[in-house]
Amino acid sequence: MKKLLKIAAVVTAAASLMMVTSCSKKSGSEKSSGKVLQYAEIELGKTGTDISATLKLLSHRTDMLQDSYTGVTFKKYLEEFNKLYPNIKVEIEGITDYASIALLRLQGGDWGDIMMIPAIDKKELANYFVSFGDLSTMEKQIKFATNWEYDGQVYGVPSTGNAQGVLYNKKVFKQAGINTLPKSTDEFIADLKLIREKTNAIPLYTNYAAGWTMGAWDAYLGGSATGDADYMNNVLLHTKNPFKNYNDGTHAYAVYKVLYDAAANKLIEDDYTTTDWEGCKGMINRGEIGTMVLGSWAFTQMQGAGPNPDDIGYMSFPITINGKQYASAGPDYCFGINSKASETNKNAAMIFVKWFTEKSGFAFNEGGIPIAANDDNYPAAYAAFSENNVEFVSDNPAAAGESDLFNELNSESELNINAGGNLKVQQIIEHAVNGTKTFDAIMDEWNLAWSDAQSSANVQIKY
């Protein structure tokens, strides 16, 4: 598939993938060089072949630890890695509630050699992690190099990249008489109503009960809703009332209103409190679900959950800006290497991360954006994006001196955008179904919380 995305600089708080565990185990037979390998220095299959080490790795992908996983399991990846590096063993611990537990493990120091970096302030990166190399070098090696960059050094390498869109069942759409993918939120709600009227499928499956899945809605606020690569890390920070109604079907207001309107119009599960994350995969594969709002990482999971992989489609979020559609794109969880690990384990970990990025095929297998800078092998998940000329937008980094301002406003406002803010999104469904609060009232509360946080941080309002 031809290249779809020209990656610019990126900063996202992510939200879905990979690894570390308990304590770093010092091991190895090579003589100490006093120098940790840099990512760009490694020539796979030649560099570090004398290293013997056992690495601990923490992952949120508990499903990939199961032999029953329909995709490529961690076991299979490690078998391939050990064909090239037989003396570097990798032990993986999976954590279900990764976003919160991994942060506690990080702060407690009990996490091993490699982990997927949780939401921390960038100024803390050097306290916990090894630099993979300077930014100018790493930008030639990987996409999304600025995601965990601080003071010119890159501390995280993405496991894969994601675009933000909507999963849908093609057969359900056909049964409902939907022949053209929706390009506005009004068209999308109209299509959900057709699904309700003409099929037996649940129009929009919220995955409310899983909790973490609700945080996916935050990921559309930048490129998908505005088409602006500067929005998330620059414009939003200095915008007054960013959750207001722009009256043009764009921005955060339009994104979250889709969920509110779907819930209020009974276009979601009959009982949203009983949703089942694992069960929904087979349901959409069998045509029992029309749509789900999740990142592209979920595409292959839904395809592999039943006998109808070709029925699973992936489209851009239904917002159009000046006649064009955009899709937020950014890294999934990023690998970080423990700065307190032994020199041997740091070097072994650096080799493993580079192999995983360049040789494992993980990003393609998971329906993700390839991470190696020169890899243009995009999977089928992005076919509809290419056909409809959807432009991928990756977030530009914050202005100098404001690298941690987003996190500060996020924490102070308690909105936790792209940082596990599941509760606020769940409350949208609750209020819509129960009729306890209008959507505008919810957005007014969020605007007030954001404005108060801006005042506390002495943020200059520019927009």
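Select N418. N418 counts as buried because its relative accessibility is 19%, where buried means under 20% relative accessible area, exposed over 50% and partly exposed in between, with a 1.4 Å probe and protein chains only. Its phi is near 55 degrees, a positive value in a residue other than glycine. Look around it: N418 lies in the loop between helix 15 (405-413) and helix 16 (422-434). Helices (H or I, at least four residues) and strands (E, at least two) are DSSP runs, numbered from the N terminus.

This is a predicted model, in which local features need pLDDT of at least 70 and side-chain atom pairs count only at pLDDT 80 or more, while totals for chains, interfaces and linings use all residues. Residues are numbered from 1 along each chain as its sequence is written, and side-chain values use heavy atoms, with hydrogens and water left out.

Next, select N322. Its phi is near 50 degrees, again positive in a residue other than glycine. Find N322 in the loop between strand 12 (312-316) and strand 13 (326-331). Is N322 buried or exposed? N322 counts as exposed because its relative accessibility is 81%.

Now show helix 1 (residues 74-84) and helix 12 (residues 343-358). They pack at an angle of about 115 degrees, with axes 11 Å apart. Axes are lines fitted to C-alpha atoms, for helices over the stretch in contact, and angles run from 0 to 180 degrees between N-to-C directions. Color the contact residues (heavy atoms within 4.5 Å). Helix 1 brings Y77, L78, E80, F81 and L84; helix 12 brings I351, F352, W355 and F356. The contact divides into 8 nonpolar, no polar and 1 charged residue.

Zoom in on L167. Leaving aside residues up to four places away in sequence, its contacts include I284, M292, F299, I312 and Y314.

Finish with the cysteines. C280 counts as buried because its relative accessibility is 0%. C334 is buried too, at 1%. How many disulfides does the structure hold? It holds 0 disulfides, a disulfide being a pair of cysteine sulfur atoms within 2.5 Å.

Terms used
Ala, Val, Leu, Ile, Met, Phe, Trp, Tyr, Cys and Pro count as nonpolar, Asp, Glu, Lys and Arg as charged, and the others, Gly among them, as polar.
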